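Please read the report below alongside the sequence and the model, following each named residue in the viewer as it comes up.

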Amino acid sequence: MASIHVRHRGRGKSEEARPFGRRAGRNALIGGAAGALVVGTILTVAPSAGADPTAAAVGEPEGFASMSVLGQDGTTGGAGGPTVTVGSADEFIEAAGQEGPLVIQVDGMIELPGPMQEVTSDKTLIGVGADSGFTGAGLNIGLPLDDDITDPPDDAVHNVIVQNLTFEDWEDDAINVQMFSHHIWLDHNTFVSGSDGALDVKRGSSFVTVSWNHSMHGKNMLLGHDDDNSEQDVGRLNVTYHNNFFDGTDQRNPRARFGDPVHVYNNYYLDVDDYGVASTEDAGVLVEANYFENVDDPFHLGEGDSGDGNLEARDNCFDNSGEGETGGSVAEIPYDYTVLPCEDVPSVVSAGAGAGNLDTTPPDEPGDPDEPDEPGDPVQDELVGWAAENGGTTGGADGESVTVTDGDTLAELLESDEPLTLLVDGELSMPDEMNDVSSDKTILGVGTDSGLTGAGLKVSDAENVIIRNMNFDDWGDDAIVVQEGSTNVWIDHNFFGSGSDGSVDVKSGSDFVTISWNHTTHDKNMLLGHTDGNEDEDGGHLRVTYHHNWFDGSAERNPRVRHGNPVHVFNNYLDSNEIYGVASTEGAGVLVEGNYFENVPAPTHVGYMDSGPGDLVERDNVYDGSGEPESTGTGVNEIPYDYTLDPAADVPSIVTAGAGPQAALGQAR
């Protein structure tokens with residue numbers, strides 16, 4: 001079976017002011033006690049290409065639907081069964097009522113007879129493209145109502161996935177989960193408007209994950225339908241709500257009764273009129289790392305005639321919002337999960353939630369750049385390209401981590417012979433214009449505003465060095481230079497403001513370098529090979545990967561290449577580069593693919609000024625308001641590693657959202 005990867009798109013350019021040379025974050029108050037979870041990465045979504053007929057679902061659930069309980073090992077839906085595509089109400093009703101595993105691809109908006117249509121166990125419902133779903137009626141996932149049943153029956157509906165569908169004008173609920181149904185995953189759907197709830201879970205149902213949905217419906221998500229239903233509900237109604245976009249919903253985001261724990265994390269609450277989350281009737285709700293914007297009442301205990309529940313809150317952001325009400329204790333979350341810092345939630349969730357934000361195109365064979373086999377990610381935490389070769393690049397992973405707050409200490413530790421991870425906390429001035437970096441070092445900026453001013457870093461005759469999440473401004477020579485045969489260097493998620501010479505130069509026989517996810521506004525940008533006459537030292541070396549960088553008004557050298565072959569330049573955003581984008585000179589071989597050139601009069605050159613020509617192959621690029629590229633069409637050696645190629649049309653949004661220092665990377669450790 002083909003594997004499918006989920007991507008979430010980033011937002012477009014930010015026009016906010018830039019502290020210390022980079023884009024500012026939102027003006028938000030971060031509240032709550034710090035949690036003990038490791039902050040990880042969130043994937044980014046490319047535009048949907050429609051459901052794949054060989055795939056049961058896209059991705060895997062996180063949260064309660066992932067757990068192995070009640071005889072069910074996670075939630076797999078129709079995996080292992082056949083796939084059918086339906087385009088009418090009769091076809092859907094017949095397929096959804098069948099026994100046994102089945103993947104049902106919904107093609108187009110289907111008008112269903114109301115009020116509700118039944119979905120049986122072991123089903124995956126997945127929309128084709130961005131505009132498939134249901135109107136007029138909703139889905140019922142559960143047995144008929146029976147108040148006399150107080151324990152889960154053997155035939156309870158279970159193992160159902162509903163993904164990538166749009167719901168409009170439903171007569172009752174858009175989705176109703178009831179009567180001890182379990183292992184239900186409701187993901188990447190859009191709820192527009194209808195009669196009752198968008199998504200209700202009730203009557204003893206449990207092990208449910210509600211993720212990456214976009215709801216604009218006022219009366220949103222109810223968990224537990226009645227204060228008097230404790231016999232069915234106590235000890236059940238365990239639901240995870242994560243990365244949902246509650247977009248102008250009035251209330252019930254969710255309103256919880258009895259369930260403990262209920263986990264509400266990394267959701268974006270925007271312009272919610274009545275309240276965000278309510279914990280009632282002894283429920284236990286953990287509200288974690290959400291972003292509340294223009295929400296007077298983010299969360300509270302009790303609601304209407306319902307008694308109080310328990311609610312703990314931590315690591316949330318409150319932007320023009322109230323503080324929320326907490327009280328009591330919540331049971332421990334029983335699964336592993338990844339949490340995004342709350343300040344990143346609006347951009348990630350608003351870009352990725354809802355129908356149409358799944359990449360359902362399967363990858364081709366590994367290493368085929370036209371069919372991705374790795375997920376693209378604005379907060380990319382994986383090394384790709386030349387620095388992953390030759391044994392890989394791990395920096396100071398085998399040594400201690402040290403937090404550094406002054407330049408003299410940093411300079412001393414950079415020259416240490418032992419492996420170290422150096423956490424740079426704050427804007428540091430260094431003792432020298434260029435400061436030596438020895439082998440086996442990781443240099444990582446804390447937060448998004450740490451780095452160096454007035455100085456640069458020199459990686460000379462060294463190996464295994466990582467420089468990430470740093471800001472560089474006002475350097476007197478280069479911001480970073482890699483030289484004298486240095487190998488395995490990864491330069492990632494940095495910001496380069498302005499300085500004297502290059503932002504990142506690689507030269508003098510250095511090799512196995514990846515330069516990724518950087519944001520530079522410096523004119524004289526990235527040089528690869530420092531002189532035409534250095535072929536004896538450079539030939540067979542200078543192999544560098546440049547990917548997902550934002551060359552933001554940098555005039556030239558994005559990069560300018562001598563001698564290296566192959567040099568790989570992919571998925572970069574070249575924006576208003578007034579002289580040229582990429583130049584291949586002096587026998588170099590450069591593959592330029594999947595980039596977006598906007599307002600670049602000379603996207604690529606073959607030869608430049610006094611430097612003789614190199615070879616250049618260009619493919620799958622977008623040229624927007626730009627000139628014609630120069631290329632030779634041949635002469636570039638084969639790329640030896642696997643990599644993901646995002647569609648060039650998506651590069652501006654992905655790269656502007658993800659390039660430069662990121663809060664998720666800059667966690668003090």
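This is a predicted model: local features need pLDDT of at least 70, side-chain atom pairs count only at pLDDT 80 or more; totals for chains, interfaces and linings use all residues.

Residues are numbered from 1 along each chain as its sequence is written, and side-chain values use heavy atoms, with hydrogens and water left out.

**The chain as a whole**

The secondary structure of the protein chain comes to six helices and 57 strands, where helices (H or I, at least four residues) and strands (E, at least two) are DSSP runs numbered from the N terminus. Of the 669 residues in the protein chain, 61% are buried; buried means under 20% relative accessible area, exposed means over 50%, and partly exposed lies in between, with a 1.4 Å probe and protein chains only. The accessible surface of the protein chain comes to about 22,600 Å², and carbon and sulfur atoms hold 41% of that surface; accessible areas come from the Shrake-Rupley method with a 1.4 Å probe, and for residues only the protein chains shown count as cover. Among the contacts in the protein chain with a separation of 6 or more, 68% are between residues 24 or more positions apart, a contact being heavy atoms within 4.5 Å.

Helix H3 (residues 345–352) is largely enclosed by the rest of the structure, because six of its eight residues are buried. These buried residues of H3 are Val345, Pro346, Val348, Val349, Ala351 and Gly352, and they pack against strand S21 (245–247), strand S24 (268–270) and strand S27 (291–293). After H3 comes Gly354, whose phi is positive, near 100 degrees.

Helix H6 (residues 651–658) is likewise largely enclosed by the rest of the structure, because seven of its eight residues are buried. In H6 the buried residues are Val651, Pro652, Ser653, Ile654, Val655, Thr656 and Gly658, and their packing partners are strand S48 (550–552), strand S51 (573–575) and strand S54 (596–598). Just after H6, Gly660 has a positive phi of about 85 degrees.

**Salt bridges between strands**

The structure holds eleven salt bridges, each defined as a side-chain nitrogen of Lys or Arg within 4 Å of a carboxyl oxygen of Asp or Glu. The table gives three of them.

| Salt bridge | Closest N and O atoms |
|---|---|
| Arg314 and Glu288 | 3.2 Å |
| Lys458 and Asp436 | 3.5 Å |
| Asp492 and Arg468 | 2.8 Å |

In the salt bridge of Arg314 with Glu288, Arg314 lies in strand S29 (residues 310–314) and Glu288 in strand S26 (residues 284–288), so the pair ties together parts that are 26 residues apart in sequence. Arg314 is partly exposed, with a relative accessible area of 22%, whereas Glu288 is buried, with a relative accessible area of 1%.

In the salt bridge of Lys458 with Asp436, the pair links distant parts of the chain, with Lys458 in strand S37 (residues 456–460) and Asp436 in strand S34 (residues 434–437), 22 residues apart. Lys458 counts as partly exposed at 24% relative accessibility, and Asp436 is partly exposed with a relative accessible area of 33%.

In the salt bridge of Asp492 with Arg468, the pair again links distant parts of the chain, Asp492 being in strand S41 and Arg468 in strand S38 (residues 463–468), 24 residues apart. Asp492 and Arg468 are both buried.

**A negative surface patch**

Asp461, Glu463, Glu484, Glu535, Asp536 and Glu537 form a negative surface patch. Patches are made of residues with over 30% relative accessible area and no salt bridge, with like charges joined within 9 Å and nonpolar side chains (Val, Leu, Ile, Met, Phe, Trp, Tyr) within 5 Å. Helix H5 (residues 535–538) supplies the largest share of the negative patch, three residues. Glu484 sits in the loop between strand S40 (480–483) and strand S41 (487–492), and it counts as partly exposed because its relative accessibility is 41%.

**A buried loop residue**

Val119 is in the loop between strand S7 (116–118) and strand S8 (123–127), and at 2% relative accessibility Val119 counts as buried. Not counting residues up to four places away in sequence, Val119 touches Ala96, Leu125, Leu139, Asn140, Ile141, Gly142, Val157 and Val160. The C-alpha atoms of Val119 and Leu139, which are 20 residues apart along the chain, are separated by 6.7 Å.

Notes:
Lys and Arg count as positive and Asp and Glu as negative; His and the chain ends are not counted. The place of a charge is taken as NZ of Lys, CZ of Arg, CG of Asp or CD of Glu.
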